[in-house]
Amino acid sequence: MNSMRLSISARAALLAAGATFALPAMAEAPIGPPATAAVTEQPAESTPAAPETVEDAYDDYSEDEIVVTAPRLAGQLDTDIRAETELDEAAIASYGVSNVSELLDALAPQTRSGRGRGSGRPIILVNGRRIGGFGEVRNLPPEAIAKVEVFPEEVALQYGYSADERVVNMVLKPNFRQIAVEGEGGIPTQGGRFQGEIEPSFLAIGENGRLNINTGWEHKSMLLESERNIDYGGDADQAAEAPARSLLSASDEYRIDATIQRSLNKVTDASVNVRFDQTDTLSLLGPGVGGVADPLERDNRSRNLTTTASVNGMLGDWRWSVSGNYADADQLTLTDRISGTRDRFESSQQTFGGNANLSGTVTEGWAGPIRLSMTGSYSGLRFDSRSDNANGITTTDLARDLPGVFGSLTVPLLDPEYEVGKIGRVSLTLSGQVQNPSDFDALKSWGANLNWGVTDNLSLIASFNQDEAAPGIQQLGAAPLVTPAVTYYDFSTGQTVQITTTTGGNPFLLAEQRRDLKLGLNWSPPMVEGLNLSVNYNRNKSYDTANSFPLLTPEIEAAFPDRVTRDANGVLVALDQRPVNFDRAENSQIRWGLNFGKSFGQQEQRGRGLGGAPRGEGGEGARQGGGGQGSADRPRRGGGGGGPRMGMRGPGGPGGMFGGPQGGRWQVSLYHTIKLTDKVLIRPGVPELDLLNGSATGSNGGSNRHLFELDGGLFNKGMGVRLSAKYDSGSTVTGGTAGDLKFGDLATFNLRFFVDLGQKPKLTEKLPFLKGSRLRLSVDNVLDAQRKITDANGIVPLNYQPGYIDPLGRYIELEWRKTF
């Protein structure tokens, strides 16, 4: 490991700061490439050659010298790919969030994948290990997290996942206990709705594991059409019916969630998560038999049970993990009809499965260890539904079983520390996957990515992936459903009309073929501490994509004339919206961004080592899953994964790793996405759709060429403020005889003000019950901005009125959180 030589006269000052020391006479570290750790004041060119024996190592130091060492925080990832974002304890506190779910929402610009694949949520690791599911960490409080690392998609391959989502690793504190109660309430400034929530929770992290229990109740009142200023274009009847129609449903949600994780021995952990929630909603559909005073109602109840379990351990030098999951989602919907009858729809879906992963070093290569990750998986899905309405009874019974195998091999090609090459560290990762759906042909995927760590501060990535994906089982087999009186905007005539739609499955859909290319750069300029820059280029090309039926523009109608029904006057009366295959879709984009943040006003912490842990507790983190994948392999060198910025204070930032943040921190991030191309070919012989230049496939218009995302905040002495902003440049959809439909640009701003009353000792002395409390005021959509959508005459079509597209508008919420 790297070290710093100090005279004896400096020892007292360092001991006061809590540093740990390795005396020369005690040196027993193996000789070889330096480990990761990180405090040095010697220039690189002056670093002496590694000694050949322990005795030589002893001779290198005089008796009046001492070596200060700072190991990597247990639980950080051991990878040569650099982290794009790192948050220490102070940085996490500066977001003013209440749990991991809120933290990931706040970090969405940094954690969003540029590939545009996957579910949108990043892959979550805890202390460098796989977990059974997001439910294990959803409700963890931010105070329990020591560090957050965000890695590019390519790191997912090393943990047995496909490279379609970014990776977020959370390092938990080894000893933590908290009871918390959180209450919040909010209203839109236009009125008409109240939303409230109360959520008690308990968390204990100890030497042998952790226990987390959360319960909650959330209530939302109904918002009616009459409570928004909707322009019905002179239609007095429709305006009179507004009190009988809801824009947002009334709902009540009840939930309970529990996670238990145990260390079975020094290298093996097991965890179980169980969550149950029930949501009841009520919405109004219009006047009933008795008129506006007797509206038609739709009652819905959904119940969800989700369970996951996982076990992680070591098999020699190989890390293994096994996980399983089961979920049951049931839904009942009752809908009133004007005839006095009531439609009934019931559905039940069960998902279950499991996977086993084995990862480790196959052999020592010429430039480092060659690592292999292998995963075998199985998932099953069962879906059945029953619809009973005026058209009769329709049932659906669908099933899919999906076994698969996935593997990745990482081969270091160049590494100066192994005296192989002098241009930095270069590694190649190859991956492959085979899946065999029970209701579809076998699916094959493969990929390759090249990682070049030019320096400890600059890294480049190039990757290519070729995937196959089957349509969803409901896209293939859902029963046809005919729905009358659906409001729809007809581009050909410029009218908003009532039509009959047909939805359901299409058994003739084909498998999607994907080709994705990514080039990425990540740089932390050494001359500007705390600044990180990233640039990514993505190009996606897909064939036979399965899509919901697109927005009916003249181009789409020309491509699917058999799906459209018009009367003798050309008025749209019916539309078959069952899914279709697009022949080809391709898009490309550049996304660049920066993260810049610094701490200030830090206070020295006594009795703590450079790693931030109290003396004698340095190994506790490993019991909670520390070490990460490859912890049995050689340590990561040179901070290739980003690594903590070590100093005389722990990486936890102000106040140390396991104390509350004492100083302040400011942070800003800015990301700009530029779409270069976005084109769709519906079928051969039909003009290609250019979604950046007048075409569209969805009701929200074409693609926005520019997207800016800004997030920044200041946190000091227990008080914080955060501003997040988003701007997109809008689009224009070229219509038929009705002219163009313009979707204007949109800029939204959200503000958060919060105060940690526990860091206000004068106040808590007078009001002791405020100890451990935090107060947060949130204002979403500060400027009450809505996208303006107008036709060729400058008129806003009825179904694009602001009250329909954003009924909530500006929203103010007050939250109080108390910890014990």
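**Entry 1. Strand β7 and its sheet**

I began at T85, whose bridge partner in β7 is V150. I note here that the model is predicted.

I looked up two positions along it: K147 stands opposite V171, and E149 stands opposite N169.

Is β7 mostly covered or mostly exposed? I found that β7, residues 145-151, is mostly covered, with seven of its seven residues buried.

Next I traced the whole sheet. It is an open sheet of five strands, in the order β4-β7-β8-β5-β6, and the pairing is mixed. Which strands stand at the edges? They are β4 and β6 (129-130); each has a single partner strand, so one side of each is left without a neighbour in the sheet.

**Entry 2. Nonpolar cores**

I looked up the largest nonpolar core and found 28 residues in it. L552, I682 and L741 have the most contacts inside this core. The elements that give two or more residues to it are β24 (481-490), β25 (495-503), α8 (554-559), β29 (572-576), β30 (580-600) and β36 (741-743). The largest share, three residues, comes from β30.

What does I682 touch, leaving aside its neighbours within four places in sequence? I listed I556, A559, F560, N581, F582, D583 and L689 as its contacts.

I also found a second, separate core, with 25 residues. Among its members are L87, Y95, I124 and F134.

**Entry 3. Salt bridges**

I counted 43 salt bridges in the structure. As a general point, side chains of opposite charge can pair when their charged atoms come close.

I started with R776 and E102, which form a salt bridge with the closest N and O atoms 3.3 Å apart. This pair links distant parts of the chain: R776 is in strand β38 (residues 773-780) and E102 in helix α4 (residues 100-106), 674 residues apart. Is R776 buried or exposed? R776 has a relative accessible area of 7%, so I put it down as buried. E102, at 22%, is partly exposed.

The second pair I checked was R245 and E241, whose side chains meet in a salt bridge at 2.9 Å, N to O. R245 counts as buried because its relative accessibility is 13%, under the 20% cut-off. E241, at 29% relative accessibility, counts as partly exposed.

D280 lies in strand β15 (residues 269-288) and R301 in strand β16 (residues 291-315), so the pair ties together parts that are 21 residues apart in sequence. I noted R301 as partly exposed, at 36% relative accessibility.

I closed this entry with a network. Which residues are linked in a network of salt bridges? I wrote down R138, E197, E199, E218, K220, E253, R255, D257, R275 and D277.

**Entry 4. Q261**

I looked up Q261 and placed it in strand β14, residues 250-263. Q261 is buried, with a relative accessible area of 4%. What does the side chain of Q261 meet in a polar contact? I found the side chain of D269, at 3.4 Å.

**Entry 5. Whole chain**

I finished with totals for the protein chain. Its secondary structure comes to eleven helices and 40 strands. Of its 820 residues, 49% are buried. Among contacts with a separation of 6 or more, residues 24 or more positions apart account for 72%. I took the accessible surface as about 35700 Å², of which 57% belongs to carbon and sulfur atoms.

Conventions:
Residues numbered from 1 in each chain as written. Predicted model: local features only at pLDDT ≥ 70, side-chain atom pairs only at ≥ 80, totals over all residues. Heavy atoms only, no water. Helix = DSSP H or I, 4+ residues; strand = E, 2+ residues; numbered from the N terminus. Buried < 20%, exposed > 50% of the residue type's maximum accessible area, 1.4 Å probe, protein only. Polar contact = N/O pair within 3.5 Å; in protein donor to acceptor, adjacent residues only side chain to side chain. Core = buried A, V, L, I, M, F, W, Y, C linked by side-chain atoms within 4.5 Å. Contact = heavy atoms within 4.5 Å. Pairing = 2+ DSSP bridges. Salt bridge = Lys/Arg side-chain N within 4 Å of Asp/Glu carboxyl O. Areas by Shrake-Rupley, 256 points an atom, 1.4 Å probe, with all protein chains shown as cover.
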